[in-house]
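Reader: I would like to learn how to read a protein model step by step. Could you take me through some of its features?

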Amino acid sequence: MTRRHGCALLAALVAAVAVVPAALYVSTGPDDGRPGTTVADGRVPRDSAPHDSAAPASVGTWVGAWSAAPAGGEPGTETTGLAGRSVRNVIHTSVGGTSARVTFSNLYGQRPLTLTHVTIAVADTADSAAARPGTMRRLSFDGAPTVVVPPGGQTVSDAVRLTVPRGGDLLVTTYSPTPSGPVTYHPRARQISYAARGNRTADPTAAAYTERTPYWRYVTALDVMSNESDGTVVVFGDSLTDGLTSTVGADRRWTDVLAERLRTAVAAGRDVPHYSVVNEGISGNRVLTDGHGRPAENPSGLNRFARDVLNRTDVKAVVIDLGVNDILHAPEPTTAPQIVEGLRTLVAQAHARGLKAVGATLMPFGGHHGDSAAREATRRAVNAEIRAGRVYDAYADFDAALRDPYAPRRLRPAYDSGDHLHPSDAGYRRMAEAFDLALLKGAARASL
């Protein structure tokens, strides 16, 4: 063998060895919401160096720019998951940054989820599956292009350098070649995402993405390295936070408007916290009662608070808007003291982590099919405790802001979506406008 051939053989062997880790099983911890990709020993630094870059080195703080609580397993995906298909999630950022990392969940999966190709890109236009030229990045996991997420687990990608726009759309695309399922999803996204046959993760065009879906699949959080935010505020709630009746694809949930207000106030030099906003609403969510299944679909606020609030990235404050579904949909009557005690438990958990807990009064539901005099009395009793300062550190009075002054048990008609429970787009905007940004300032009270 010549020296030249020997060198070539050695180079080939080195290359082969380098490929092996990419196919190794990358285990993850349970999907409890904690950031940080984990491998065999359970630990990998959160701030892994970017592996794909066209942007300058990142400086700033890691904060949450978007999130969606995993709410259940997608019906019809129990046997094969989404094997052989590219899933392109469209997500809307609350703050910009210079690097990004993404969390993927297999919480409701019964089999391992193998992701062989994952990309992130800036959307070319709003509500589109096409990527802006030059922004497509491939994500890696502890340096490997492939990751296997075990049932009940989650994984966080390595950081990748990407100029993330504030108040813009990103495309997060996954491809899995093997059966899995059920698919962990967020069913009421109020955003159209897309899917394509085959591995089209790196395809910047929208041509192959002919399947439209109202769900977010697998992806549960986006963190960015930001120099315009000092931390994250998590909004924790039910369908009113999820934005159930807001216009699809228009980003008109009240949390979207809140993020917009914060960005505008900061740009104007106002004395308000420089926070990003992430939405952890689940439609139908209750303070006290879990949904069915194991793990529970639509877990109670008490059971998911650590996952969806305490373990978000650099959380500084939490806004809680829960309790209406405990009144309207509990299998047995739920009393105001039970609901208040549950809310106080959430606040105590927030305080134990040094977080300020801001709450909201429960809005009226007169005219809704679940309305009754007894349930209205419960709502008013909960609100009385909130207004008396016996639940939260501070509160936003959404009830006063949206109720009809001539019929206080009902939403004002302009703010009613038509079901007498959920707001219209104007109603969601009114919620955000009624939220005093100064409520986010300061620390938690020592005791309640």
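Author: We will go through strands, nonpolar cores and helices in turn. This is a predicted model, in which local features need pLDDT of at least 70 and side-chain atom pairs count only at pLDDT 80 or more, while totals for chains, interfaces and linings use all residues. Residues are numbered from 1 along each chain as its sequence is written, and side-chain values use heavy atoms, with hydrogens and water left out.

Reader: Which strands make up the open sheet, and in what order?

Author: Strands of a sheet pair through backbone hydrogen bonds, either parallel or antiparallel. Strands (E, at least two residues) and helices (H or I, at least four) are DSSP runs numbered from the N terminus, and two strands pair if DSSP finds at least two bridges between them. Here an open sheet of three strands runs in the order β2-β12-β15 with antiparallel pairing, and its edge strands, β2 (72-73) and β15 (216-217), each pair on one side only. Strand β12 (residues 184-186) is joined to β15 by two bridges, and His186 stands opposite Trp216 in β15.

Reader: How many residues lie between β22 and β23 in their hairpin?

Author: There are two residues between them. Strand β22 (residues 403-404) pairs with strand β23 (residues 407-411) in the antiparallel sense over two bridges, and Arg403 is found opposite Leu411 in β23.

Reader: Which residues of the largest nonpolar core touch the most other members?

Author: In soluble globular proteins, nonpolar side chains tend to be buried together. A nonpolar core is a set of buried Ala, Val, Leu, Ile, Met, Phe, Trp, Tyr and Cys residues joined through side-chain atoms within 4.5 Å, where buried means under 20% relative accessible area, exposed over 50% and partly exposed in between (1.4 Å probe, protein chains only). The largest core has 32 residues, of which Val102, Phe104, Ile120 and Leu222 touch the most other members. Apart from it lies another core, of 31 residues, including Leu240 and Met363.

Reader: Is helix α4 mostly covered or mostly uncovered?

Author: Helix α4 (residues 301-310) is mostly covered, with seven of its ten residues buried, among them Phe305 and Leu310. The buried residues of α4 pack against β17 (231-237), β18 (275-281), β19 (315-321) and α6 (336-352).

Reader: Why does Thr241 count as buried?

Author: Thr241 counts as buried because its relative accessibility is 0%. Thr241 belongs to helix α2 (residues 239-242) and, leaving out residues up to four places away in sequence, touches Val235, Arg253, Trp254, Thr255, Asn279, Gly281 and Asp321, where contact means heavy atoms within 4.5 Å.
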